[in-house]
Amino acid sequence: MLHDKKRTNLLLSAAGRDAMRRAGRFNAQLLDFIRPHVKAGVKTNEIDRLVHTYTLDHGHRPATLGYQGFTKSCCTSINEVICHGIPDEYELREGDIVNVDLTTIVDGWFGDQSETFLIEPVSDQSRAVTQCAFDCLYLAIEALTPGCRVSTIGETIVPEAHRRGFTVVREYVGHGLGRNFHQDPSIPHYPNRQSRSDRLLPGMAFTVEPMINAGSRFTKLDKADGWTVRTKDGLPSAQFEHTVLMTEEGPEILTHTEHGPRRGHKF
Ligand code: MF3
Ligand code: CO
Ligand code: CO
């Protein structure tokens, strides 16, 4: 019963859906603005500064700034870093793969998405794991139907990643999104008991954000900074993320970029 009540609050009105569309659109615009700057020789702090300035200039707020003590306006996760990398004085260089994760608050509503960029030339392994994360994101979204189980996502992603010889991170998951950064339902990229009972109803907004590891699925949290999550074996990891709205017609991606890689893109 308690659960039913909680679920109901997750269903957006027509106005709420439009507010989420606006938040997603701005977030995607921000990613398009950042895209040309993600290249060799650029410091991740420089990317963070650009994100911060562009967001404020448009009257919005970076959601990660001050979030549970996080001190930057985006996450930059390089090579073996799975997620939550903190921008710093590191200069991007050839061979790196870097995930830039952007979250903004637009009139009180959240947009959240990420993309992994290749600083060419990169290794075959880094390219393949990036391709896998990208394909898994779209395969999972396309498998969704109104009212489907959340586990549809994990049931799509895990076999595909394993087929390619890669693994799926379990400790970090996608999430419901709306007026809060992280809310129900939890969106694991592997099937579990909760996701087999939770459903994606029309009016629910959530993220899909698979983290795919080249080696083992296990993770290690940086003890010094309390944020940076790395692969335990040091092998590369890649991630892509979209904010999705489930409608009566099916899933609607709210964070499509104009200039980013399209569904079916080959890296
Ligand atoms: N944007 C991340 C997500 O997809 C969350 C980052 S929280 C931070 O959920 F504090 F690490 F920035
Ligand atoms: Co994110
Ligand atoms: Co997210």
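Residues are numbered from 1 along each chain as its sequence is written, and chains are lettered from A and ligands numbered from 1 in the order in which they are written. Because the model is predicted, local features need pLDDT of at least 70 and side-chain atom pairs count only at pLDDT 80 or more, while totals for chains, interfaces and linings use all residues; side-chain values use heavy atoms, with hydrogens and water left out.

**The cobalt site**

Select the cobalt ion (ligand 3), which is coordinated at 2.0 to 2.2 Å by Asp 112 (OD), His 175 (NE2), Glu 209 (OE) and Glu 241 (OE); donors are N, O and S atoms within 2.8 Å of the metal (3.2 Å for Na, K and Ca), and sites may look incomplete because water is not among the atoms. Asp 112 belongs to strand β5 (residues 109-118), whereas Glu 209 lies in the loop between β11 (205-208) and β12 (211-213), 97 residues apart, so that the pair links distant parts of the chain. Helices (H or I, at least four residues) and strands (E, at least two) are DSSP runs, numbered from the N terminus. Asp 112 is buried, at a relative accessible area of 3%, and Glu 209 is buried too, at 7%; buried means under 20% relative accessible area, exposed over 50% and partly exposed in between (1.4 Å probe, protein chains only).

**Helix α3**

Next select residues 44-57, which form helix α3. Its buried residues include Ile 47, Leu 50, Val 51 and Tyr 54, and the buried residues of α3 pack against α2 (14-34), β1 (61-62), β2 (75-78) and β4 (97-106), where contact means heavy atoms within 4.5 Å. After the helix comes Gly 59, with a positive phi near 85°.

**Backbone features**

Move to Gln 68, in the loop between β1 and β2, which has a positive phi of about 45° although it is not a glycine, and which counts as exposed at 62% relative accessibility. His 84, in the loop between β3 (81-83) and β4, also has a positive phi, near 65°, and is partly exposed, with a relative accessible area of 28%.

Finish at two cis peptide bonds: one joins Glu 120 and Pro 121, with omega about 0°, and Pro 121 sits in the loop between β5 and α4 (124-142); the other joins Asp 184 and Pro 185, with omega about -5°, and Pro 185 sits in strand β9 (residues 183-187).

Technical notes:
Expected span 1.5 Å × (residues − 1).
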